[in-house]
Amino acid sequence: MSSLDQDQRLHPSCRNKTTVSSDSSDTPEVAKLPLQGLKLASHAVLEKAQERGRLKCSKCGGSRMFFCYTCCSLLGVNLQEIPVIKLPVKIDIIKHPNETDGKSTAVHAKILAPSDVTIYTYPCIPDYKKEKVVLVFPGPDAVSVQDMMQCLKDLTDSRSHGASYEPRIKRLKTEEVQGPTHTAEKPQSSPDEAKSLESRMYPLQRVVFIDSTWNQTNKISTDERLQDLLRVELKTRKTCFWRSQKGKPDTYLATIEAIYYFLMDFSEHCLAQEYNGEYDNLLFFYTFLHSVVNKAKTSAGKC
């Protein structure tokens, strides 16, 4: 495992060029720079693949590097050479049909956590039970991750006491984006630990994210099949995505950033577990590409 190199820690569009040490005891948490001190697998395999250049995807014929973002499959990199992550909760990503595959970070999650991440292309949305699923999306009624579990339990209690509950009116056949067939082994835990974790997780079963440019999100976020889901907002996180969207605040995150920060907060606030980098490798591709973009900007004199 290795931490990020210095040139991977800064993104000029989201922070100034003053370096702040991540272990400084007198530095406020909100002032610490993003992407610092992550527990990442070595990027050596990606560096070698970059040197070899692009390869042709055997499935779709596209010219790709590292992975095919259309087929969700690795290219020039072996499965054994990248981290595979087991997540504490299932993740669904609803992708806008006009979202450019090559610009989306959703595929990072599918490749790195294949057994726990599913990508659907809108208008295909599963039928969700509102008391067991949350939608990570900002809005006036959105709650924090810290308050999320209590809100879900309140929904469950209201239903158990006879409150009205209507199933989804519209249902479409699910079209799941196919990803790698490999799976990750579940970490072993004692019966007591598993029972305790299950208790803290209840009733949450799945977390939904929207993969789209922010200007295109309205069509998905207002879909009637998502309207009744509890909304969760990551209010204190700021993006370092190199494809910034004009006129949007820096709290509007890239999909992989949103998944990563949600899981970090979920681990600490909902599972009552001290976060120790368990999901840092979700940013395995993201941090490497972040570094590549920064180096290119520096070489071009844009930084």
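The legends below describe close-up views of a predicted model.

**View 1. Aspartate 116 and its two lysine partners.**
Lys86, Lys90 and Asp116 are linked in a network of salt bridges. In one of these bridges the side chains of lysine 86 and aspartate 116 meet, with an N to O distance of 2.9 Å. This pair joins distant parts of the chain, 30 residues apart: lysine 86 is in the loop between strand S4 (73-75) and strand S5 (90-95), and aspartate 116 is in the loop between helix H2 (106-112) and strand S6 (117-121). Lysine 90 also forms a salt bridge with aspartate 116, and here the closest N and O atoms are 2.8 Å apart. This second pair likewise links distant parts of the chain, with lysine 90 in strand S5 and aspartate 116 in the loop between H2 and S6, 26 residues apart. Aspartate 116 has a relative accessible area of 2%, so this residue counts as buried. Lysine 86 is partly exposed, because its relative accessible area is 22%. Lysine 90 counts as partly exposed too, at 28% relative accessibility.

**View 2. The salt bridge between arginine 237 and aspartate 265.**
The side chains of arginine 237 and aspartate 265 form a salt bridge, N to O 2.6 Å. Arginine 237 lies in the loop between strand S9 (230-232) and H6, whereas aspartate 265 lies in helix H6 (residues 255-270), so the bridge ties together parts that are 28 residues apart in sequence. Both arginine 237 and aspartate 265 are buried. The count for the structure comes to 6 salt bridges.

**View 3. Phenylalanine 241 stacked with tyrosine 286.**
The structure holds 8 aromatic pairs. One of them is formed by phenylalanine 241 and tyrosine 286, whose rings are stacked at 6.2 Å centre to centre with 25° between the planes. The pair links distant parts of the chain, 45 residues apart: phenylalanine 241 is in the loop between S9 and H6, and tyrosine 286 is in helix H7 (residues 284-299). Phenylalanine 241 is buried, because its relative accessible area is 13%. Tyrosine 286 has 0% relative accessibility and therefore counts as buried.

**View 4. Two phenylalanines within helix H6.**
Phenylalanine 262 and phenylalanine 266 form a stacked aromatic pair, with the ring centres 5.8 Å apart and 15° between the planes. Both residues lie in helix H6, 4 residues apart, about one turn of the helix. An α-helix has 3.6 residues a turn, so residues three or four places apart point the same way. Phenylalanine 262 and phenylalanine 266 are both buried.

The buried residues of H7 are Phe284, Phe285, Tyr286, Thr287, Phe288, His290, Ser291 and Asn294. What covers them includes helix H1 (44-52), strand S3 (66-68), S4, H2 and H6. Phe284 and Phe285 are linked by ring pairs with Phe67 into a cluster. Just after H7, glycine 301 takes a positive phi of about 75°.

Definitions and conventions:
Residues numbered from 1 in each chain as written. Predicted model: local features only at pLDDT ≥ 70, side-chain atom pairs only at ≥ 80, totals over all residues. Heavy atoms only, no water. Salt bridge = Lys/Arg side-chain N within 4 Å of Asp/Glu carboxyl O. Buried < 20%, exposed > 50% of the residue type's maximum accessible area, 1.4 Å probe, protein only. Phe/Tyr/Trp six-rings, centres within 6.5 Å; stacked < 30°, edge-to-face > 60°. Contact = heavy atoms within 4.5 Å.
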